[in-house]
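The stops below are given in the order in which they may be selected.

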Amino acid sequence: MKARVLQAEDLSALAELRLEGIRRFPHAFLLTEAEARKSDSHLLGWVTSDNAFGLFDGKRLIGFAGLRGLHASMTQHRAHLGPFYVTPEHQGSGAADVLVSFLFDAARARGFTQVELFVASENTRARSFYGRNGFVSTGPVPNAVIQDGVPIDDLFMVRDLTRDLLEPGPDGMRRLTPGDWRAFRSIRLEMLEQAPTGFGSTHAEWAEKAPDQIMAWLEEIHLWAVVEGGSIRATTGWHPMGGAVTRHRGHVIAVYTTPDARGRGLAAQLLTAVADDARAHGAIQLELDVGAENTAARAAYSAAGYREVGSIPRALNHGGHIHDQLYMVLPLDTA
């Protein structure tokens, strides 16, 4: 497979492939099929502008994309990506990665330092692809498109071309970064499957999250982990409570150790690391909630210095299983 700038002789193949994309994925394009058939002159202008790019398997066009610069003097560093399409039979083959990589190289060669796009917020497959290639969601665009009378929200996503793709960190006990999203996603789904009543999220919720959402979560949460061979064996996280008058308090979440790593004291080590990290960030108290029936976890928290201060009746509802939580507190400003 090879990508290149499209030329006038590629017009008929591009027009046919664009119609295929609109028919198969009507919600991914801003044009209807009828509108596309009437826009040949516009398509010719696009092809001859050097802003249309194609992906070829031999001589066959299997994908296309657009890259358009913003021309105002203060926005010349930015380029807009779109449309972007690869035939379904080549999806999952790495073809889309070849095309987007070529677009990044072309953007850099033209002096752009930022590439931007809009994608339907419900299009988790596309969001996953863009997230894997370094795009970060910066916010929603409500009612961005109305198709058949139905409003659809978009996400605005940005790729900073001055930064390399985020890479996972080394082995050891450390705070996870957005580059660790793949390994964290794996253990997050495991914990929600193996201990579904122990967490405030569900497996289904996390299975649907796009990479940019997971990376944003890791950016916000102080998530500590033990990493071995590139895989995460145990996690414990905390985050400051919101609001100016409660930011001195932190909430502990995502405490989990894989079955094959239990009995090694990893949870105790991580609880200590989290307490030290929270203290270093100005927190004077850590808090958590734990299932009243989870005696093993309660014992581990008690051993780490947490004390029970109350209960939360009917705190969680997991598929009709409603259960109480106990609230536990660890002061960080006492000897």
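Select P83, which lies in strand 4; strands here are DSSP runs of E with at least two residues, helices are runs of H or I with at least four residues, and both are numbered from the N terminus. The peptide bond that leads from G82 to P83 is cis, its omega being near 0°. The model is a predicted one, in which local features need pLDDT of at least 70 and side-chain atom pairs count only at pLDDT 80 or more, while totals for chains, interfaces and linings use all residues. Residues are numbered from 1 along each chain as its sequence is written, and side-chain values use heavy atoms, with hydrogens and water left out.

**The largest pocket**

A pocket is found on a 1 Å grid over the protein atoms alone, as an open set of points where a 1.4 Å probe fits, with protein on both sides within 12 Å along at least five of seven lines; its lining residues have an atom within 4 Å of a point. The volume of this pocket is about 1500 Å³, where a volume is the space filled by probe spheres set on the points, and grid points are joined across faces, edges and corners.

Now colour the contributing elements. Strand 4 (78–86) is one of those that supply at least two residues of the lining, and others include helix 3 (40–47), helix 4 (95–109) and helix 5 (124–132). Which element gives the most to this lining? Strand 4 does, with 7 residues. By residue type, the lining divides into 26 nonpolar, 14 polar and 7 charged residues; Ala, Val, Leu, Ile, Met, Phe, Trp, Tyr, Cys and Pro count as nonpolar, Asp, Glu, Lys and Arg as charged, and the others, Gly among them, as polar.

**Aromatic groups**

Select Y85 again, together with F25, F29, W46 and F64; these residues form one aromatic cluster. The whole structure holds 16 aromatic pairs, a pair being two rings of Phe, Tyr or Trp (its six-membered ring) with centres within 6.5 Å, called stacked if the planes are under 30 degrees apart, edge-to-face if over 60 and tilted otherwise.

Next, show F104 and F135. Their ring centres are 5.9 Å apart and their planes meet at 40°, so this pair is tilted. F104 belongs to helix 4 and F135 to the loop between helix 5 and strand 6, so the pair ties together parts that are 31 residues apart in sequence. F104 is buried, with a relative accessible area of 6%, and F135 is buried too, at 0%; buried means under 20%, exposed over 50% and partly exposed in between, with a 1.4 Å probe and protein chains only.

**Two loops with positive phi**

Most residues other than glycine have a negative phi. Go to D50, in the loop between helix 3 and strand 2 (52–57), where phi is positive at about 70°. D50 is partly exposed, with a relative accessible area of 39%. Then select D148, in the loop between strand 6 and strand 7; its phi is also positive, near 55°. Is D148 buried or exposed? D148 is exposed, with a relative accessible area of 79%.

**The second largest pocket**

Move to F199, V255, Y256, A297 and Y301, which lie nearest the centre of the second largest pocket, a site lined by 41 residues. Among the elements that give two or more residues to this lining are helix 6 (181–194), helix 9 (266–280) and helix 10 (295–303). Its volume is about 990 Å³, and its lining divides into 24 nonpolar, 12 polar and 5 charged residues.

Strand 11 gives the most to this lining, with 7 residues. Select strand 11 with strand 10 (residues 231–240): the two run antiparallel and are joined by 6 bridges, strands being paired if DSSP finds at least two bridges between them. W238 has V252 of strand 11 as its bridge partner. Strand 11 also pairs with strand 12, in the parallel sense, over 3 bridges, and R249 stands opposite Q285 in strand 12.

**Last stop**

Finish at Y306, in the loop between helix 10 and strand 13 (307–318). Y306 is buried, with a relative accessible area of 4%. Y306 and L19 lie 62 Å apart in space, C-alpha to C-alpha, and 287 residues apart in sequence.
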